[in-house]
Amino acid sequence: MMGISGGSMNALLTAGARMEQASMQGRVANNVRANANILRAEIKQDAGRGASVEKKENALKEMEEKADAVENTQFSSLSEVRKSVEQAAEINRQEAKEEAKKAEKKQEEKAKEKKAEETKEEKALSEKGVNEKSSGEKVNEVQGTEKTSVDHVDVLL
């Protein structure tokens with residue numbers, strides 16, 4: 001079973017850090033938008049009373065631009081998170097391929113060793129069979145000679 005490699009771990013840690021950064025950026029953007037909404041309500045009230053709202057409208061515009069900028073940065077951070085996760089997945093895929101190749105090579109080597117061992121055993125059995133046959137023929141020759149002698153003795157009686 002394979003674990004997480006150093007490269008994959010780094011990519012995941014980077015993704016985690018960027019995810020935390022994106023989360024923080026989201027909270028900042030939400031706070032800026034909430035303050036902008038409060039400012040909008042103040043502008044509406046002040047306009048209803050006839051007070052000057054030009055400064056507050058400029059401040060609102062700046063807040064909205066700041067919120068947009070923070071959200072864009074957040075999206076960039078999330079894009080980097082995605083890239084880091086994809087990188088970690090690719091590293092894991094490559095390592096899984098390498099691991100599978102190593103396992104296959106090891107299996108092939110075991111099969112070759114087993115085949116060589118079987119061939120060696122067959123050769124040893126074959127040689128043993130030849131030796132047994134040779135000694136068996138000698139026994140038969142000796143038995144045949146004795147039998148001939150016995151047959152000859154029977155004929156003489």
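## Starting with Phe75

Phe75 sits in helix 2, which covers residues 54-156. Helices here (H or I, at least four residues) and strands (E, at least two) are DSSP runs, numbered from the N terminus. This is a predicted model, in which local features need pLDDT of at least 70 and side-chain atom pairs count only at pLDDT 80 or more, while totals for chains, interfaces and linings use all residues. Residues are numbered from 1 along each chain as its sequence is written, and side-chain values use heavy atoms, with hydrogens and water left out.

Is Phe75 buried or exposed? With 52% relative accessibility, Phe75 counts as exposed. The cut-offs are these: buried means under 20% relative accessible area, exposed means over 50%, and partly exposed lies in between (1.4 Å probe, protein chains only).

## The whole chain

Let's step back for a moment. The chain has two helices and zero strands. Of its 157 residues, 14% count as buried. Its accessible surface comes to about 12600 Å², and 54% of that belongs to carbon and sulfur atoms. Accessible areas come from the Shrake-Rupley method with a 1.4 Å probe; for residues, only the protein chains shown count as cover.

Contacts tell us about links along the sequence. Among contacts (heavy atoms within 4.5 Å) with a separation of 6 or more, 77% are between residues 24 or more positions apart.

Helix 1 has 44 residues and reaches 64 Å from its first C-alpha to its last, close to the 64 Å expected at 1.5 Å a residue. That expected span is 1.5 Å times one less than the number of residues in the helix. After helix 1 comes Gly50, whose phi is positive, near 90 degrees.

Which residues of helix 1 are buried? They are Ser8, Ala11, Ala15, Ala22, Gln25, Gly26, Ala29, Val32, Ala36, Leu39, Ile43 and Asp46. Take Gln25 as an example: helix 1 spans residues 6-49 and includes Gln25, which counts as buried at 11% relative accessibility. Leaving aside residues up to four places away in sequence, Gln25 touches Val70, Thr73, Gln74 and Ser77.

## The largest nonpolar core

Five residues make up the largest nonpolar core: Ala36, Leu39, Ile43, Val53 and Leu60. Helix 1 gives the most to this core, with three residues. A nonpolar core is a set of buried Ala, Val, Leu, Ile, Met, Phe, Trp, Tyr and Cys residues joined through side-chain atoms within 4.5 Å.

What does Ile43 touch, not counting residues up to four places away in sequence? Its contacts are Val53, Lys56, Glu57 and Leu60.

## Salt bridges

Side chains of opposite charge can pair when their charged atoms come close. How many salt bridges does the structure hold? There are 11, where a salt bridge is a side-chain nitrogen of Lys or Arg within 4 Å of a carboxyl oxygen of Asp or Glu. One of them joins Glu80 and Arg18, with the closest N and O atoms 3.6 Å apart. This pair links distant parts of the chain, since Glu80 is in helix 2 and Arg18 in helix 1, 62 residues apart. Glu80 is partly exposed, with a relative accessible area of 28%, and Arg18 is partly exposed, with a value of 28%.

Asp46 and Lys56 also meet through their side chains in a salt bridge (2.8 Å, N to O). Asp46 lies in helix 1 and Lys56 in helix 2, so this pair ties together parts 10 residues apart in sequence. Asp46 counts as buried at 11% relative accessibility, whereas Lys56 counts as partly exposed at 26%.

Within helix 2, Arg93 and Glu90 are three residues apart, which means that about one helical turn separates them. Their salt bridge brings the closest N and O atoms to 2.9 Å. Arg93 is partly exposed at 46% relative accessible area, and Glu90 counts as partly exposed at 34% relative accessibility. Elsewhere, salt bridges that share partners join Glu42, Asp46, Arg49 and Lys56 into one network.
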